Amino acid sequence: MSPVSDQVLAYQLAPGGAIPNHPCWPLLVYPGAVALSGDDPAAAFEDLFTRNRWPAAWRNGIFPFHHYHSNGHEALGIYSGEVTVQFGGDAGVTIVARPGDVIVLPAGTGHKKLSSRGVLGIVGAYPEGSDPDTCLAPFKKKVAQVPLPACDPVYGAGGPLFEYWKG
């Protein structure tokens with residue numbers, strides 16, 4: 001399955017309380033990036049992410065409390081339901097994500113599920129070689145040291161992630 005949209009929304013998030021957010025790289029939203037069909041729509045995200053060197057790690061939802069990953073980036077592919085997520089801590093941005101959307105979080109980006117509708121299904125993925133932690137307290141130095149991934153999880157090696165995330 002190939003991406004169906006080249007639109008990317010970027011949100012630079014300032015540190016907020018215990019949430020460091022990334023000091024340089026923005027949160028990226030790829031609305032309607034994947035056309036879903038069939039009995040197992042999650043597989044479209046798993047195949048896409050894995051092909052672009054972000055192996056799919058889980059199918060589930062988003063924790064209903066603020067947390068972040070200090071040592072890894074994360075891609076979220078929404079395959080069912082609708083979810084409202086607050087990114088960046090209490091003063092961050094609130095985004096409603098729907099099936100087909102991809103959200104890419106640089107290390108340190110806080111996220112918390114505020115609500116969902118329908119049966120929520122999300123595929124989570126991390127760049128090859130990542131073993132992300134789940135943090136509730138700040139690790140700002142660690143966040144800034146996480147390297148660029150080899151590929152954009154949606155568009156691969158030449159994807160728009162590299163226009164927003166510069167080394």
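Student: What should I know before I start?

Tutor: This is a predicted model, where local features need pLDDT of at least 70, side-chain atom pairs count only at pLDDT 80 or more, and totals for chains, interfaces and linings use all residues. Residues are numbered from 1 along each chain as its sequence is written, and side-chain values use heavy atoms, with hydrogens and water left out.

Student: Which strands pair with β7, and in what sense?

Tutor: Start with the terms. Helices (H or I, at least four residues) and strands (E, at least two) are DSSP runs, numbered from the N terminus. Two strands pair if DSSP finds at least two bridges between them. Now the case here. Strand β7 covers residues 111-125 and pairs with β3 in the antiparallel sense, over 4 bridges. β4 also pairs with β7 in the antiparallel sense, over 11 bridges.

Student: Which residues stand opposite each other?

Tutor: Take one example from each pairing. Arg59 stands opposite Val123 in β7. Ser80 stands opposite Gly121 in β7.

Student: Where do side chains point in a strand?

Tutor: In a regular strand they alternate between the two faces of the sheet.

Student: Is Val123 buried or exposed?

Tutor: First the cut-offs. Buried means under 20% relative accessible area, exposed means over 50%, and partly exposed lies in between (1.4 Å probe, protein chains only). Val123 lies in strand β7. Its relative accessible area is 0%, so Val123 is buried. Val123 and Ser70 are 53 residues apart in sequence, and their C-alpha atoms are 20 Å apart in space.

Student: What about Val104: buried or exposed?

Tutor: Val104 is found in strand β6, residues 102-105. Val104 is buried because its relative accessible area is 0%. Its C-alpha atom is separated by 15 Å from that of Gly61, 43 residues apart along the chain.

Student: How many salt bridges does the structure hold?

Tutor: A salt bridge is a side-chain nitrogen of Lys or Arg within 4 Å of a carboxyl oxygen of Asp or Glu. The structure holds 6 salt bridges. One of them joins the side chains of Asp40 and Arg59, at 3.1 Å from N to O. That pair links distant parts of the chain: Asp40 is in the loop between β2 (27-30) and α1 (42-51), Arg59 is in strand β3, and they are 19 residues apart.

Student: What else does Arg59 meet in a salt bridge?

Tutor: The side chain of Glu46 meets Arg59 in a salt bridge at 2.6 Å, N to O. This pair also links distant parts of the chain, with Glu46 in helix α1 and Arg59 in strand β3, 13 residues apart. Together, Asp40, Glu46 and Arg59 are linked in a network of salt bridges.

Student: Why do Asp40 and Arg59 count as partly exposed?

Tutor: Asp40 has 37% relative accessibility, so Asp40 counts as partly exposed. Arg59 has a relative accessible area of 38%, so Arg59 is partly exposed.

Student: Which residue forms a salt bridge with Lys142?

Tutor: Asp133 does, with the closest N and O atoms 3.8 Å apart. Lys142 counts as partly exposed because its relative accessibility is 38%.

Student: How many disulfides does the structure hold?

Tutor: A disulfide is a covalent bond between the sulfur atoms of two cysteines. The test is a pair of cysteine sulfur atoms within 2.5 Å. The structure holds 0 disulfides. Take Cys135. The closest cysteine sulfur is in Cys24, 18 Å away, so the two are too far for a bond. Cys135 is buried because its relative accessible area is 5%. Cys151 counts as buried because its relative accessibility is 7%.

Student: How do I read an aromatic pair?

Tutor: Rings of Phe, Tyr and Trp (its six-membered ring) pair if their centres lie within 6.5 Å; planes under 30 degrees apart count as stacked, over 60 as edge-to-face and the rest as tilted. The structure holds 4 aromatic pairs. Among them, Phe63 and Phe65 form a stacked pair, 5.0 Å centre to centre with 10 degrees between the planes.

Student: Where does Phe63 lie?

Tutor: Phe63 lies in the loop between β3 (56-60) and β4 (74-87). Its relative accessibility is 42%, so Phe63 counts as partly exposed. Phe65 is partly exposed because its relative accessible area is 36%.

Student: Which residues form the nonpolar patch on the surface?

Tutor: Patches are made of residues with over 30% relative accessible area and no salt bridge; like charges are joined within 9 Å, nonpolar side chains (Val, Leu, Ile, Met, Phe, Trp, Tyr) within 5 Å. Accessible areas come from the Shrake-Rupley method with a 1.4 Å probe, and for residues only the protein chains shown count as cover. Here the patch is formed by Phe63, Phe65 and Leu136, with about 300 Å² of accessible area together.
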